[in-house]
Amino acid sequence: MTQGPVSPDPRRDDDPARSAGEPGGAPDEYRYPGEGWRELPPSREDWLTEDEWLERLASVEPEELPEEDEDPENDPDPDDPARPGTARSCFRGAKGTSPGQRARAGQRARAGQRARAGQRARAGQRARAGQRARAGQVTRAVKGTRRGPGQPGSARRIPGESPGPVGAFATGQLLDTAPGGPVVFGQAEHAAGDDGRFAGATDDELTGIICGLDRTEAAACALKHAAIAELIRRSPDDGCALEGSAQMPATYDDFTEAELAAALAETRQAAAGMLDLAHDLETKLPCTRAAFRTGVLRLSKVEIIARATANLTPEEARAAEALVLDRAGRLTPGGLRSAIARAVIEVAPDKAQKRRETEQRNARVQRWLEDSGNAALMGRELPPADVLAADQRITWWAKQLKKAGLDGDMDQLRALAYMDIMLGRDSRPAVPAGPDADQHPTNPEAAGAAGGPGGANPEPGGAAGGPGGADSGPDGGGSRGPADGGSGPAAPAGPAVPAGPGLPPTAGVLPAGFAGQLHLTIPLTTLLNLAGRPGEITGLGPVDPALARDLAHAAAANPKSTYCVTVTDQQGHAIGHGCARPEPKNHTRTRHDPTGGHGPPGDHGPPGGPGTGLRPGFTFTASGDDGPPGGYGAWRLSTGVPGSTGLPGRPDLLIALDPIALETCDHRFEARGHDPGVKLRHLSQIRHATCTGPTCRRPAQQCDFEHNIPYEAGGRTCLCNGGPKCRTEHRIKQDPRWKVEQITPAIFRWTTPSGRQYITEPTRYPI
């Protein structure tokens, strides 16, 4: 069989196993064998002739069970009743065979005995059909299947039918969707066989088995926690009665965790974690417990939800879990962590802020020995603004090390930069003496491409008024591929490179105010202090409304910060977007009133530090212009930053909101050539803020713009034929065994080699 991609043509594959006379039929030596045999009508089934397929696949309609040690050349007697689970012979003996011959044909050959003439004839007939049996098994294909296991197209299914003994695990079949439990485990164990090789399972069915066992593992773990909850009921603390519908005590006996730790050979801390999780599942998270029990959520995801809701009341915890459980099973752990954090902030914003401020008192630096023998150093519970600024400085210095010629990828250079900053050292090579010394990257001018706030790297702006990177608008410089490093933002915001050799990176200082080189997403109602909805920082995750306002106001103090506004639908999908531009000078209105801000009363000062002045007050009003055709109007954004004595304040910003293609596309931003324009790339990164791979969460700014239909094959360079993909997902998509369809401009459907399909939807912004 061919190994290449399956043609979309629904016709049958060329199959040498077909009977003579058909195109691609059997060769002449497999024609009519002689007297005593009749010609059967040509079969229209696609016989699966791969050796391993015949060896491993069992029949869907069993009739006979070959005895042990049977000669594989022998055919079982069709008159011999079959037992369940046996393979079925595809052919019957012809009329005219003597009773003695039929009796001998019904005997099982042992110890290498040869079959008699009638059996050899049947073996010849089987050869005529193009099949070679191993281990005494001959199998019959299910109608409608195309190829054997592992071959492209093997997962094509006719509803209700699936080849092989484990067809119930195929896509959409009974065991593929059944809750985890003993039935799924028993069927999977039977499919594994004595050797644990899952003989006879297609790739699709094997994937279904893996998923079923994952659900079963989760269900078993949920049952263990149910037993731990019962242990708590039987070990209440003194004076604690069983309360509520779950009949759980408020606290358990002090020595319960010691008993559990001894039983499981675990630490007391681990035992306490199990007890607390079991208690929360019973009293605060009943829907999460139910999803855990059926295997929809595994332990790691349940723990994410429990940790996020730890400070909530039972009523608040139930409200938060209800906002994520409809998709929690499909989300990656990182995606679920962001979703439940956003839900907690929506349900109880004040508690989220209080938790952040309280945990800052537990700020610490930890060190430990790695398994490799190296060491680790990590800061915990640090202010987000400081962490982001430090991360930018690390990336900025790593780029200077790279320019200086140091070897290593950006992860290695960032680690070296981290230690340089901590130790106040400079790891760049010494400046050579001679006329080329002024070319060394330590001179400040050489740093222009690398850093300082407001570098030329374009970054998408924040949705709904969040500050983005400098020059992040449609005209903000050339297009970008994947960024060089770090899990945080790619664009640096650091000081100019210190002049002179050997000066450490701590020689410069960051400018006042928060560096506006990050993608901060904040709902406009939160920015204007009309609501308390969460914001989000690319590379960190959701932030409570107070912190989001602090960061936005601090960014306004930096003249290099830029702003974008995104319009969303009811699901949070971006449907319109515009980047802010300064109002023309002949129409500029500036802020001079130092007391006229609209900042929320009682808010804390910006994280930019002391001396940054009064808080700016954001306003967002219609500009009076029509805006782009089919768009969402034109608007005026004022940061409210007042001017100092004798100096004007910040000018107002104008924003025209263009539509973003979701269901249909009018190709208004289509590029003529292969490379997308900056605005096209920017809008695709707003529509999908991360890579469009099914489980990838790499920021879109660090991804390629990838044509779904290749440009060379006539594909458009447009929102309806492209989106961000990281290099790994880009390579996966180009593999002929994989298939990616852009079924609408905003939705991608991935089909794996096994035939399983996964959908990637647009980013859901906070609304």
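1. Of the 767 residues in the chain, 47% count as buried, and since the model is a predicted one, this and every other value in the note is computed from predicted coordinates. The secondary structure comes to 19 helices and 18 strands. Among contacts between residues at least 6 apart in sequence, 63% join residues at least 24 apart. The chain exposes about 38,000 Å², of which carbon and sulfur atoms supply 52%.

2. The largest nonpolar core has 25 residues, and those with the most contacts inside this core are F292 and I340. Two or more residues of the core come from each of α6 (203-233), α8 (268-283), α9 (286-294), α10 (299-308), α11 (314-322) and α12 (333-347). Leaving aside residues up to four places away in sequence, F292 touches A218, A219, C221, A222, H225, L281, L297, R298, L299 and V302. Apart from this core lies another, of 23 residues, with I522, A548, A556 and F618 among them. As general background, nonpolar side chains tend to be buried together in soluble globular proteins.

3. L377 counts as partly exposed because its relative accessibility is 37%, a value that lies between the 20% and 50% cut-offs.

4. A search of the whole structure finds four aromatic pairs, and two of them are described here. The rings of W396 and W397 have their centres 5.5 Å apart and their planes at 50°, so this pair is tilted; W396 counts as buried at 0% relative accessibility, and W397 likewise counts as buried at 0%. F620 and W635 form a stacked pair, with 5.1 Å centre to centre and 10° between the planes. This second pair links distant parts of the chain, with F620 in strand β10 (residues 619-622) and W635 in strand β11 (residues 634-638), 15 residues apart. The two partners fall into separate accessibility classes, as F620 counts as buried at 17% relative accessibility, whereas W635 counts as partly exposed at 27%.

5. Which side chain meets that of R233 in a salt bridge? The partner is E230, with an N to O distance of 3.1 Å. Being three residues apart in helix α6, R233 and E230 are separated by about one helical turn, and E230 counts as partly exposed at 29% relative accessibility. The search of the whole structure finds 26 salt bridges.

6. Elsewhere, salt bridges that share partners join E230, R233, R234, E282 and R289 into one network.

Key:
Residues are numbered from 1 along each chain as its sequence is written. This is a predicted model: local features need pLDDT of at least 70, side-chain atom pairs count only at pLDDT 80 or more; totals for chains, interfaces and linings use all residues. Side-chain values use heavy atoms; hydrogens and water are left out. A nonpolar core is a set of buried Ala, Val, Leu, Ile, Met, Phe, Trp, Tyr and Cys residues joined through side-chain atoms within 4.5 Å. Buried means under 20% relative accessible area, exposed over 50%, partly exposed in between (1.4 Å probe, protein chains only). Helices (H or I, at least four residues) and strands (E, at least two) are DSSP runs, numbered from the N terminus. Contact means heavy atoms within 4.5 Å. Accessible areas come from the Shrake-Rupley method with a 1.4 Å probe; for residues, only the protein chains shown count as cover. Rings of Phe, Tyr and Trp (its six-membered ring) pair if their centres lie within 6.5 Å; planes under 30 degrees apart count as stacked, over 60 as edge-to-face and the rest as tilted. A salt bridge is a side-chain nitrogen of Lys or Arg within 4 Å of a carboxyl oxygen of Asp or Glu.
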